[in-house]
Amino acid sequence: MRALYAQRIGFTKKGVTTIKDEDDNIVYFITGRWGLVHDVLSVYNVSGTLLAEIKQSSLGLFPKFDLYSHHKKVGSLRRYYGVSTEMLFVKGLNWFLIGNLTNFRYKIFAGHEWVMKTGTVQKNGQDTIKFEFRYEKDEALCLCVAAILDYWASNTKNVKNKHHLFNLQTHTRPSFD
């Protein structure tokens with residue numbers, strides 16, 4: 001079991017995201033982009049070897065993402081209408097995710113055994129995502145899934161913020177009668 005860390009702000013919005021260990025040594029790089037079919041987010045080790053990718057394979061309100069490990073498709077992930085956004089399934093890997101988009105606290109399970117846990121902690125005075133992994137072999141794929149969760153969390157916050165701003169604007173408008 002080991003813990004890795006990433007900056008919380010803009011986890012997947014930067015060109016390259018670094019994932020570091022407890023001693024601030026870079027372990028992985030995540031690079032790519034979202035939004036269109038065939039967009040890809042890739043996880044590399046420090047030697048530059050591609051370990052895992054997550055590719056957007058469909059558009060729409062509930063887009064589908066395919067997971068690849070060493071260039072081989074191993075699973076897919078999608079949000080489903082009517083299923084809580086806090087519960088997701090990764091087909092192919094038989095992973096079950098449960099957690100909270102708002103505070104980025106998630107657990108991934110394979111059967112009864114946890115695979116990854118996430119949460120926000122303070123590290124070097126910044127909000128940081130702490131990833132705990134049971135097995136090193138799952139880290140790159142878990143980081144791909146975490147990137148999707150972060151993408152959905154960011155979009156959920158943007159929608160909530162727009163709704164909140166709309167409510168503020170409509171309820172605080174002065175009357176000029």
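The model is predicted: local features need pLDDT of at least 70, side-chain atom pairs count only at pLDDT 80 or more, and totals for chains, interfaces and linings use all residues. Residues are numbered from 1 along each chain as its sequence is written, and side-chain values use heavy atoms, with hydrogens and water left out.

Reader: How many salt bridges are there?
Author: Side chains of opposite charge can pair when their charged atoms come close. A salt bridge is taken here as a side-chain nitrogen of Lys or Arg within 4 Å of a carboxyl oxygen of Asp or Glu. By this rule the count is five.

Reader: Which residue forms a salt bridge with glutamate 139?
Author: The closest N and O atoms of the pair are 2.7 Å apart. The pair links distant parts of the chain, 137 residues apart, with glutamate 139 in helix H1 (residues 139–171) and its partner in strand E1 (residues 2–7). Helices (H or I, at least four residues) and strands (E, at least two) are DSSP runs, numbered from the N terminus. The partner is arginine 2.

Reader: Is glutamate 139 buried or exposed?
Author: Buried means under 20% relative accessible area, exposed over 50%, and partly exposed in between (1.4 Å probe, protein chains only). Arginine 2 has 27% relative accessibility, so arginine 2 counts as partly exposed. Glutamate 139 has 1% relative accessibility, and therefore counts as buried.

Reader: Which residues are linked with Arg2 in a network of salt bridges?
Author: Glutamate 139 forms a salt bridge with arginine 2. The network holds Arg2 together with Glu136 and Glu139.

Reader: Where is lysine 123, which meets aspartate 24 in a salt bridge?
Author: The N to O distance in this salt bridge is 3.3 Å. The two residues are 99 residues apart and link distant parts of the chain, aspartate 24 being in the loop between E2 and E3. Lysine 123 has a relative accessible area of 16%, so lysine 123 is buried. Its place is strand E11 (residues 113–123).

Reader: What is the phi of aspartate 24?
Author: Aspartate 24 lies between strand E2 (16–20) and strand E3 (26–32), which form a hairpin with five residues between them. Its relative accessible area is 36%, so aspartate 24 is partly exposed. Its phi is positive in a residue other than glycine, near 65°.

Reader: Which residue in E3 stands opposite lysine 20?
Author: Two strands pair if DSSP finds at least two bridges between them. E2 and E3 pair in the antiparallel sense over five bridges. E2 has a covered face, Thr17 and Ile19, and an uncovered one, Val16, Thr18 and Lys20. Opposite lysine 20 stands isoleucine 26.

Reader: Is histidine 71 buried or exposed?
Author: Histidine 71 is in the loop between strand E6 (64–69) and strand E7 (72–78). Its phi is positive, about 70°, although histidine 71 is not a glycine. Its relative accessible area is 64%, so histidine 71 is exposed.

Reader: Which residue meets aspartate 66 in a salt bridge?
Author: Aspartate 66 has a relative accessible area of 8%, so aspartate 66 is buried. The N to O distance in the salt bridge is 3.4 Å.
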